Amino acid sequence: FYGWWVASVAAGMLLGAFGAPSVEMAGRGSILGQDPNVAAVYFALGAVCLAGDVRMLATRQFGARIVAALLAISVLIMAILQTGSRGGLLVFLTGFAGLAVCGTPATRKMRGLVAGAVLAVLGGMVLWQFQQVTPTALRLNAAWTQGDTAGRTRIYAAAWSRFEKKPLLGYGGANNTFLLGADLAYASGRDYYRDTHNLLLAVLTEVGLVGAVPFVAAIICALWIAGRHGRRTGDALPFALMCAQIAANTSLTGYHQKLFWIVLGAAVACGLGNEAEPV
């Protein structure tokens, strides 16, 4: 349901239902004023949901459903490219890699064919972006040729420096971001504020190693549970969504978003009850 719904939202964005890209966002598309990078993650997760639907392969009309899913995924790819988010593309690729490596031999073969078709569509659309010299193409080229990270390298260095000064307990919620903003002289209104743009750095500066160690252990545990579930049942979607979320949180701080906890809960829930035998 999420995959089809977010595909319809992406189609609305492409058709201008949410207004034209604003100058403040440098011509990058988004939805309802959302950060383009966050919107791209939503679209990428929707594409993974569509491609990882186990019922798509089980139904007799799987051919028609695959075609419909590919069309919806193509819309989501176009939306991700319109946001100009390089991180969104990374999340998309990581999620599909998770689908490809997890599952039974039969499901992995079919998903491999779907992934091949999706990658062909993605490659064609990216090539078109470069031919048209779009803002997305310029951002991709800057990342490839200049190592551009939109200022994240400086943020990461400042956040790590903060962690080194108080590694055990951190600075507390919100305090870590205000201190980081002060270090970077980044004023927001009357206050200094700067997000770490990285979940691990956010946790380390907020609660230190005392809080970060069990948090990271919980993420790894959920990933392991979801991977075991996929190998036993062929349902690789929880594992793929976990992989995608981990990739997203290398450049975003996702624990502020409800979807992060929904995916984490779905992965952990894979360990409940009796799992079916491998297909």
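Student: What does the accessible surface of the protein come to, and how much of it belongs to carbon and sulfur atoms?

Tutor: The accessible surface is about 14100 Å², and carbon and sulfur atoms account for 66% of that area, as computed with the Shrake-Rupley method and a 1.4 Å probe. This is a predicted model, in which local features need pLDDT of at least 70 and side-chain atom pairs count only at pLDDT 80 or more, whereas totals for chains, interfaces and linings use all residues. Residues are numbered from 1 along each chain as its sequence is written, and side-chain values use heavy atoms, with hydrogens and water left out.

Student: What secondary structure does the protein have, and why is it called as compact as a globular protein of its length?

Tutor: Along the sequence the pattern reads α-α-α-α-α-α-α-α-α-β-β-α-α-α. The radius of gyration, taken over C-alpha atoms, is set against a globule rule of 2.2 Å times the number of residues to the power 0.38. For 279 residues this rule gives 19 Å, and the protein has 20 Å, which is close to that value, so it is as compact as a globular protein of that length.

Student: What makes Gln 245 count as buried, and with which residues is it in contact?

Tutor: Gln 245, which is placed in helix 11, has a relative accessibility of 5%, and buried means under 20% relative accessible area, with exposed over 50% and partly exposed in between (1.4 Å probe, protein chains only). Gln 245 therefore counts as buried. Leaving aside neighbours within four places in sequence, Gln 245 is in contact with Leu 45, Leu 259, Phe 260 and Val 263, where contact means heavy atoms within 4.5 Å.

Student: Why is Leu 32 called exposed, while Ala 174 is called partly exposed?

Tutor: Leu 32 lies in the loop between helix 1 and helix 2, and because its relative accessibility is 74%, Leu 32 counts as exposed. Ala 174, in the loop between helix 8 (152–165) and helix 9 (175–183), has a relative accessible area of 41%, so Ala 174 is partly exposed. Neither is a glycine, yet phi is positive in both, near 55° for Leu 32 and about 75° for Ala 174. Most residues other than glycine have a negative phi.

Student: What makes a set of residues a nonpolar core, and which residues have the most contacts inside the largest one?

Tutor: A nonpolar core is a set of buried Ala, Val, Leu, Ile, Met, Phe, Trp, Tyr and Cys residues joined through side-chain atoms within 4.5 Å. The largest such core has 69 residues, and those with the most contacts inside it are Phe 43, Ile 73, Leu 76, Ile 77, Phe 92 and Phe 96. Helix 2 gives the most to this core, with 13 residues. Not counting residues up to four places away in sequence, Phe 92 touches Ala 44, Ala 47, Ile 73, Ile 77, Ile 80, Val 118 and Leu 122.

Methods:
Helices (H or I, at least four residues) and strands (E, at least two) are DSSP runs, numbered from the N terminus.
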